[in-house]
Each structure stands twice: as C-alpha cells, then as structure tokens.
Amino acid sequence: QVQLIESGGGMVQAGDSLRLSCAASGRTFMSYAMAWFRQSPGKEREFVARITWSGGRLDYADSVKGRFTISGDNAKNTLYLQMNGLKPEDTAVYYCAARLRGVSPRYDYWGQGTQVTVSS
C-alpha cells in the first residue's frame, strides 16, 4: 500500500513564498512522473506542475510559470513545489500524484492534499 503525504501548506500573504513537500509511505516505487495538482472551491482540479523523471522534463501550467518550481527524487519518492510570488488566486488544496507508466496518462497514487491560502 502506497500513501503520498503532502505537507508545507499554510496561510500567507500575497507575494510570500511556500514550499510544499510530498513523501511516500509504504512500499517504494519507481514512477514515470510525479506532479502537483490543485483544486479551489467550486472549481475542477487543475494541473500545476509535472516532472518526468526520464530526461528530467519539467512542465508547468501557464498560471504558475516563472513563479513555481517543481523538484524531487524518484528513488526517494519525494516531490517538492517551491512557490514564490504567491497570489490570492493560488489559494487551493494542493495534491501530489504519481504516474507509474508513460503509456497511460492516469495518475495512480494521490495524496490527501494540503491547503494553501493566500490573502491579499
């Protein structure tokens, strides 16, 4: 059984920074990619950032490019999201997820989420 556990969320003011962490408990695994998603009240969950381990490709949603940085370690099943220049519209529950196979776009493991609240 694999669990992804996020941490690092909190309440900050616009312009502040936060660093989210995600760690796996249970058995270790090697994934094709890991990503951060977020969901605001009344909105659908949206993609934030992804790291594809083979080649180290990084992908970001346009709304966070230049402000957020994803990093991590596949062997240690850890994932981070450095968030700078936070805006009120970044307020959401942030989830980390792991995708085991490149041939399937499905994310196999999800965390429970960590709340990020940005006040103006």
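Colleague: What makes strand 3 and strand 8 a pair?

Modeller: This is a predicted model. Two strands count as paired if there are at least two bridges between them. Strand 3 and strand 8 have six bridges, in the antiparallel sense. They therefore pass the cut-off of at least two.

Colleague: What order do the four strands of the open sheet take?

Modeller: The order is 1-3-8-7, with antiparallel pairing. Strand 1 and strand 7 are the edge strands.

Colleague: Why are strand 1 and strand 7 called edge strands?

Modeller: Each of them pairs on one side only. On average, neighbouring strands of the sheet are turned by 15° against each other, direction ignored.

Colleague: Why is the link of Cys22 and Cys96 called a disulfide?

Modeller: The cut-off is a pair of cysteine sulfur atoms within 2.5 Å. Here the S to S distance is 1.9 Å. So Cys22 and Cys96 qualify. A search of the whole structure finds one disulfide. In general, such a link is a covalent bond between the sulfur atoms of two cysteines.

Colleague: Which parts of the chain does the pair link?

Modeller: Distant ones: Cys22 is in strand 3 (residues 18-26) and Cys96 is in strand 9 (residues 92-99), 74 residues apart. Both cysteines are buried. With 45° about the S-S bond, the link is right-handed.

Colleague: Which residues touch the most other members of the largest nonpolar core?

Modeller: Trp36, Leu81, Met83 and Tyr94 do, in a core of 28 residues. Elements that give two or more residues include strand 1 (2-7), strand 4 (33-39) and strand 5 (46-52). Strand 9 gives the most, with four residues. In soluble globular proteins, nonpolar side chains tend to be buried together.

Colleague: Why is Ser40 called buried?

Modeller: Buried means under 20% relative accessible area. Ser40 has 15%, so it is buried. Its place is in the loop between strand 4 and strand 5. Leaving out residues up to four places away in sequence, Ser40 touches Thr91 and Ala92.

Colleague: What makes the approach of Ser40 to Thr91 a polar contact?

Modeller: The distance limit is 3.5 Å. A polar atom of the Ser40 side chain lies 2.9 Å from the backbone oxygen of Thr91. That is within the limit, so the pair counts as a polar contact.

Colleague: How do you know that Thr114 is buried?

Modeller: The cut-off of under 20% applies again. Thr114 has a relative accessible area of 11%, so it is buried. Thr114 is found in strand 11.

Colleague: Which backbone nitrogen does the side chain of Thr114 reach?

Modeller: That of Gly9, at 3.2 Å. The polar contact limit is 3.5 Å, so this one counts. Beyond its neighbours within four places in sequence, Thr114 is in contact with several residues, among them Glu6, Ser7, Leu20 and Tyr94.

Definitions and conventions:
Residues are numbered from 1 along each chain as its sequence is written. This is a predicted model: local features need pLDDT of at least 70, side-chain atom pairs count only at pLDDT 80 or more; totals for chains, interfaces and linings use all residues. Side-chain values use heavy atoms; hydrogens and water are left out. Buried means under 20% relative accessible area, exposed over 50%, partly exposed in between (1.4 Å probe, protein chains only). A nonpolar core is a set of buried Ala, Val, Leu, Ile, Met, Phe, Trp, Tyr and Cys residues joined through side-chain atoms within 4.5 Å. Axes are lines fitted to C-alpha atoms, for helices over the stretch in contact, and angles run from 0 to 180 degrees between N-to-C directions. A polar contact is a pair of N or O atoms within 3.5 Å; within protein, one must be able to donate a hydrogen and the other to accept it, and residues adjacent in sequence count only if both atoms are side-chain atoms. Contact means heavy atoms within 4.5 Å.
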